[in-house]
Amino acid sequence: MGKSLAVNAGSSTLKFKLFDMPSETVIADGVIDRLGLGNSNVEIKYGDGQKYESVEDVKDHEAAIQLMLDSLINLKILGSYDEITGVGHRVVAGGEIFKDTTVIDAEVVKQIESLAEYAPLHNPANVQGIKAIHKILPDVFSVAVFDTAFHTTMPAVNYMYGIPYEYYEKYGARKYGAHGTSHRYVAGRAAEMLGRPLEDLKLITMHIGAGGSITAIKDGKSYDTSMGFTPLAGIEMATRSGDVDPSLIAYLMNKLDITDSSDMLKILNKKSGLLGVSGVSADMRDLEKVQDENERAKLARDIFINRIVRYVGGYLAELGGADAVVFTAGVGENDIGIRQEVADKLNVFGIAVDPEKNHVRGVERDLSADGSTIKTLLIPTNEELMIVRDIERLRNDQK
Ligand SMILES: Nc1ncnc2c1ncn2[C@@H]1O[C@H](COP(=O)(O)OP(=O)(O)O)[C@@H](O)[C@H]1O
Ligand SMILES: CC(=O)OP(=O)(O)O
Ligand SMILES: [Mg+2]
């Protein structure tokens with residue numbers, strides 16, 4: 001009983017939802033985007049159809065969390081913070097410590113902090129969120145929901161790197177993946193849409209937002225995924241390079257006179273991807289506007305599409321086919337052109353999207369063209385719903 005708050009700190013956004021539980025009715029739904037990029041859109045939907053909107057510079061996650069907390073009171077969504085009886089935080093990296101959602105205490109916070117190298121853009125922001133809420137609600141029941149948890153089913157053949165085995169044993173050097181809560185949610189919805197048990201399905205889920213990852217799902221479980229030891233690996237992202245030849249890192253450190261590896265990682269995490277290639281913006285909406293006159297903006301988009309296609313093609317081979325592919329997250333839910341181009345390039349596998357069905361944003365829909373043998377589904381993600389369900393699950397376990 002009561003109100004549960006799900007806090008989802010992405011690399012470029014802070015999203016939150018306040019739910020009435022156990023009814024799962026959404027009381028408030030907020031997004032603050034473009035953190036640190038200038039002109040953040042703040043959008044909070046609440047009450048019966050009310051909406052608060054503003055455009056302001058929100059410089060980082062700490063400022064975004066403060067804005068969220070202030071808004072809950074100022075917009076009278078809450079009379080006081082004490083009405084919140086459960087809080088769930090998305091945490092990206094759980095390493096080999098956390099294999100499932102965990103009740104937060106001081107020790108857990110330290111362990112999440114200790115995993116900062118496993119998700120440098122995320123775990124520190126996740127800890128900021130946990131601490132900010134702890135300040136105002138020190139005794140509230142809180143859980144951490146890990147992106148990596150869904151991927152703990154991957155077989156060793158997919159999570160091990162071809163490096164000396166002892167580095168895995170001594171240092172945890174392996175693939176962990178990310179976005180698991182989102183891949184898990186859309187996989188469950190895909191099974192509903194297809195009217196078949198999830199355990200019987202092979203799916204390829206494309207979570208493409210500011211961060212992006214592609215997951216191969218076999219028998220309803222994560223089998224392989226494009227992110228790696230950290231969320232830097234895989235496809236090209238907003239500010240992240242995705243896969244590069246590891247030798248290039250040493251080569252560039254020499255050329256750029258960089259001696260501290262964390263400075264090199266900053267370049268690959270924050271100055272690369274769409275931003276680095278285009279030189280214009282990390283945001284796909286900005287690139288779309290200028291792609292006709294700006295070759296590098298077009299190239300950044302084309303690389304993005306190419307890497308997605310490459311992973312999906314590879315996963316079709318690994319899985320031996322698929323029942324459906326799924327588009328989700330900021331770009332996947334909204335970018336009609338990217339969805340069409342990705343699907344067109346996958347025609348050879350029996351994937352095809354109907355342009356008319358595809359002419360839509362942010363709704364659940366089967367986009368498949370007649371005659372396609374692998375379905376293409378558009379499913380807006382809902383990490384927050386998964387998070388509040390886990391609050392209830394763990395609360396009940398404790399009783
Ligand atoms: N209408 C749109 N068209 C194209 N891309 C969009 C649109 N709306 C949002 N995006 C993209 O989605 C990204 C944010 O994705 P999202 O999944 O919400 O973020 P995060 O990875 O921070 O969780 C933005 O960087 C932007 O490129
Ligand atoms: C793990 C990750 O990249 O998350 P996001 O896409 O929310 O930044
Ligand atoms: Mg996200």
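Let's start with the core. The largest nonpolar core has 107 residues. A nonpolar core here is a set of buried Ala, Val, Leu, Ile, Met, Phe, Trp, Tyr and Cys residues joined through C-beta atoms within 7 Å. Buried means 20 or more other C-beta atoms within 10 Å of a residue's own, with C-beta atoms placed from the backbone. Among the residues with the most contacts inside this core are Ala190, Ile204 and Leu274. Helix α11, residues 295-319, gives the most to this core, with 9 residues. Helices are DSSP runs of H or I, at least four residues; strands are E runs of at least two, and both are numbered from the N terminus. Domain 1 (2-146) and domain 2 (197-378) both contribute to this core, so it lies between them. Those bounds come from an automatic or database domain assignment.

A word on the model. It is predicted: local features need pLDDT of at least 70, side-chain atom pairs count only at pLDDT 80 or more, and totals for chains, interfaces and linings use all residues. Residues are numbered from 1 along each chain as its sequence is written, while chains are lettered from A and ligands numbered from 1 in the order in which they are written.

Back to Ala190. What does Ala190 touch? Leaving out residues up to four places away in sequence, Ala190 touches Leu203, Ala324, Val326, Leu377 and Ile379. Contact means C-beta atoms, placed from the backbone, within 7 Å.

Now the domains. Their C-alpha centres lie 26 Å apart. The contact takes 12 residues from domain 1 and 11 residues from domain 2.

Next, ligand 1. Sixteen is the shell: of the 16 residues around ligand 1, Gly10, Gly209, Met284, Gly330 and Asn334 come nearest. A residue counts as near if its C-beta atom, placed from the backbone, lies within 6 Å of the molecule. Helix α12 (329-334) gives the most to this shell, with 4 residues. Each domain supplies at least three residues.

Ligand 2 next. The residues around ligand 2 include Gly10, His122, Asp147 and Gly209. Both domains give residues to the shell around ligand 2, so it lies between them.

Last, helix α3, residues 123-136. At 1.5 Å a residue, its 14 residues should span 20 Å; the end C-alpha atoms are 21 Å apart, which agrees. That expected span is 1.5 Å times one less than the number of residues. Buried residues of α3 include Asn123, Val127 and Ile130. The buried residues of α3 pack against β1 (2-9), α1 (61-74), β6 (84-91) and α2 (106-114).

Technical notes: Contact = placed C-beta atoms within 7 Å. Buried ≥ 20, exposed ≤ 12 C-beta atoms within 10 Å, placed from the backbone.
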